[in-house]
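Open the model in your viewer and keep the selection tool at hand. This tour goes stop by stop.

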Amino acid sequence: MTTPVKTAGAARRLVRRAPQQRTADRGRAAPAGHAARHGRLTPWLFLAVALISEGVFTVFPFLNTIVLAFTDATRLEGGAFVGLDNFSRMIHDDRFWTALQNSALYMVIVVPCMVFLPLLLAMLVHTKLPGAGFFRTAYYVPVVSSTVAVGIMWSWMLDSQGLVNQTLKVLGVITEPVPFLTERWLLMGSAMFVTIWTGLGWYMVIYLAALTNVSKDLYDAAAMDGAGWWRRFVSVTVPGVRNTMVLIAALSSVAAFRVFTEIYVLSGNTAGPGGSAMTIIMLIQRVGTGLDAEVGYASALSLVVFVITIGLMIAVLRMQTRENEK
């Protein structure tokens, strides 16, 4: 039988040991809390290099461009604040309106081709036809090729003494070389062709991924109802890849409006006679580079391009939202 004296002694020992026990518990909890904080910081350590690079090479230049757009900065001078003078100058600059017209025309013609032609190619290579794998590879080769190299190749082919003109002469179609690279509209058309030819393979791959999600049962049901190829395309394929079409329209719109390399290479940096085929990005490059660069004005032009690009993206996304609601 336990005596009251022993019970009281045990209680006193527990009381004396309680503060030590709490201290030990806190000591064990501290490493756990430290590990939790360390675990929360670990992902940011992995992202640190990317975030710093993004801030230095993207965020800071963007903010700096906004500031410079309201100054008369040049290549050698920081410039002073001039308010909206650069934008006022832009309104009265014929080069700006010519470049804006060319970029808009480029987008209007190229985007529908980029939306529908890759879809037709994707449907062609999606079928179980002999040699489909070869055509998939062949269509994708321009995508992995350098845009500059592609532009140089086509500039050689479209030159007055190039393969295209020589072939047309041999066939008796023409007697004089066609000025593909020296006439404004022919130069624009040649650049559009190169852009479409280069981008077909990339968008075709995107459509191929979308076509795999279209149920074959829908095609079988449409065929049983007597629907022909065109009816199946309109009623089954197009609705099945509508979201992908909107995505490609958005991507190709921005890319077409910001076209630079094709016209730059094909024209040899002249942008056609008198700069008549100049695009908005070429104008920014011409104004903002060189010893007499007008950095402030070029920044204002860049800001306008940014606003137009955002507007295009918003318009396309609204179209997609309306289609989804329907």
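Which residues lie nearest the centre of the largest pocket? Select M123, H126, T127, L211 and Y219. They belong to a lining of 17 residues. Keep in mind that the model is predicted.

**Stop 1: the pocket**

The volume of the largest pocket is about 520 Å³. Now colour α3 (94-126), α8 (216-224) and α9 (229-240), the elements that each give two or more residues to the lining. α3 gives the most, with five residues. Colour the lining by class next: nine residues are nonpolar, four polar and four charged.

**Stop 2: the core**

Select F96 and Y106. These two have the most contacts inside the largest nonpolar core, which has 66 residues. Zoom in on F96. Setting aside neighbours within four places in sequence, F96 contacts M90, I280, L283, Y297, L301 and V304.

**Stop 3: the salt bridges**

How many salt bridges does a search of the whole structure find? It finds two.

Select R89 and E294 for one of them; their closest N and O atoms are 2.7 Å apart. This pair links distant parts of the chain, 205 residues apart. R89 sits in helix α2 (residues 85-91), and E294 in the loop between α12 (280-288) and α13 (295-325). R89 counts as partly exposed because its relative accessibility is 33%. E294 is partly exposed too, at 29%.

Move to D93 and R95, which form a salt bridge with closest N and O atoms 3.6 Å apart. Is D93 buried or exposed? D93 counts as buried, at 12% relative accessibility. R95 is partly exposed, at 37%.

Methods. Residues are numbered from 1 along each chain as its sequence is written. This is a predicted model: local features need pLDDT of at least 70, side-chain atom pairs count only at pLDDT 80 or more; totals for chains, interfaces and linings use all residues. Side-chain values use heavy atoms; hydrogens and water are left out. On a 1 Å grid over the protein atoms alone, a cavity is a set of points where a 1.4 Å probe fits but cannot get out, and a pocket is an open set with protein on both sides within 12 Å along at least five of seven lines; lining residues have an atom within 4 Å of a point. Grid points are joined across faces, edges and corners, and a volume is the space filled by probe spheres set on the points. Helices (H or I, at least four residues) and strands (E, at least two) are DSSP runs, numbered from the N terminus. Ala, Val, Leu, Ile, Met, Phe, Trp, Tyr, Cys and Pro count as nonpolar, Asp, Glu, Lys and Arg as charged, and the others, Gly among them, as polar. A nonpolar core is a set of buried Ala, Val, Leu, Ile, Met, Phe, Trp, Tyr and Cys residues joined through side-chain atoms within 4.5 Å. Buried means under 20% relative accessible area, exposed over 50%, partly exposed in between (1.4 Å probe, protein chains only). Contact means heavy atoms within 4.5 Å. A salt bridge is a side-chain nitrogen of Lys or Arg within 4 Å of a carboxyl oxygen of Asp or Glu.
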